[in-house]
Amino acid sequence: MSEYERTHLETELNSFTSKNFVKPNECKNIDQIRFYIRELCIKIDEYERRFNYVPQSVYSLLANYNRVQSNMIYVQFRNTYDQ
């Protein structure tokens, strides 16, 4: 895969995520975050199958969603058992 093709894929995927996804820190609840994580995993699988390449930025975005999800789960746990 050429550098041009990689750049094009990265641009295409970044455009898709910016149009269709809310930033991780702006998510309101855990179900919303889980939805975005699932959609990103589907996109990653698709890109691996079709192009045998996934831009690093997608993995970074996925890591941010996972971080926010972990924080929300921790806060829920603490609120439930810290009484």
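This briefing describes the helices, salt bridges and cysteines of the structure shown above.

The model is predicted: local features need pLDDT of at least 70, side-chain atom pairs count only at pLDDT 80 or more, and totals for chains, interfaces and linings use all residues. Residues are numbered from 1 along each chain as its sequence is written, and side-chain values use heavy atoms, with hydrogens and water left out. Helices (H or I, at least four residues) are DSSP runs, numbered from the N terminus. Buried means under 20% relative accessible area, exposed means over 50%, and partly exposed lies in between (1.4 Å probe, protein chains only).

**Helix α1**

- Helix α1 covers residues 3-20, and its 18 residues should span 26 Å at 1.5 Å a residue; the expected span is 1.5 Å times one less than the number of residues.
- Leu9, Leu13 and Thr17 are buried in α1.
- Seen down the axis of α1, the buried residues fall within an arc of 60 degrees, so they line one face of the helix; the arc is that of the directions from the helix axis to the C-beta atoms.
- An α-helix has 3.6 residues a turn, so residues three or four places apart point the same way.
- The other side of α1 holds the exposed residues Glu3, Tyr4, Thr11, Ser18 and Lys19.
- The cover over the buried residues of α1 includes α2 and α3 (56-81).

**Leu13, a buried residue of α1**

- Leu13 lies in helix α1 and counts as buried because its relative accessibility is 3%.
- Apart from its neighbours within four places in sequence, Leu13 is in contact (heavy atoms within 4.5 Å) with Lys43, Tyr47, Pro55 and Val58.
- Leu13 and Glu26 are 13 residues apart along the chain, and their C-alpha atoms are separated by 20 Å.

- Glu46 and Lys43 both lie in helix α2 (residues 30-51), 3 residues apart, which is about one turn of the helix.
- Arg50 forms a salt bridge with Glu46, and the closest N and O atoms are 2.8 Å apart.
- Arg50 and Glu46 are both in helix α2, 4 residues apart, about one turn of the helix.
- Salt bridges that share partners join Lys43, Glu46 and Arg50 into one network.
- Glu46 counts as buried because its relative accessibility is 19%, whereas Arg50 is exposed, with a relative accessible area of 52%.
- Lys43 is buried, with a relative accessible area of 19%.
- Leaving aside neighbours within four places in sequence, Lys43 is in contact with Leu13 and Phe16.

**Cysteines**

- A disulfide is a pair of cysteine sulfur atoms within 2.5 Å, and by this rule the count comes to 0 disulfides.
- The cysteine sulfur closest to that of Cys27 is in Cys41, 14 Å away, which is too far for a bond.
- Cys27 counts as buried because its relative accessibility is 9%, whereas Cys41 counts as partly exposed at 32%.

Note on methods. Helices (H or I, at least four residues) and strands (E, at least two) are DSSP runs, numbered from the N terminus. A salt bridge is a side-chain nitrogen of Lys or Arg within 4 Å of a carboxyl oxygen of Asp or Glu.
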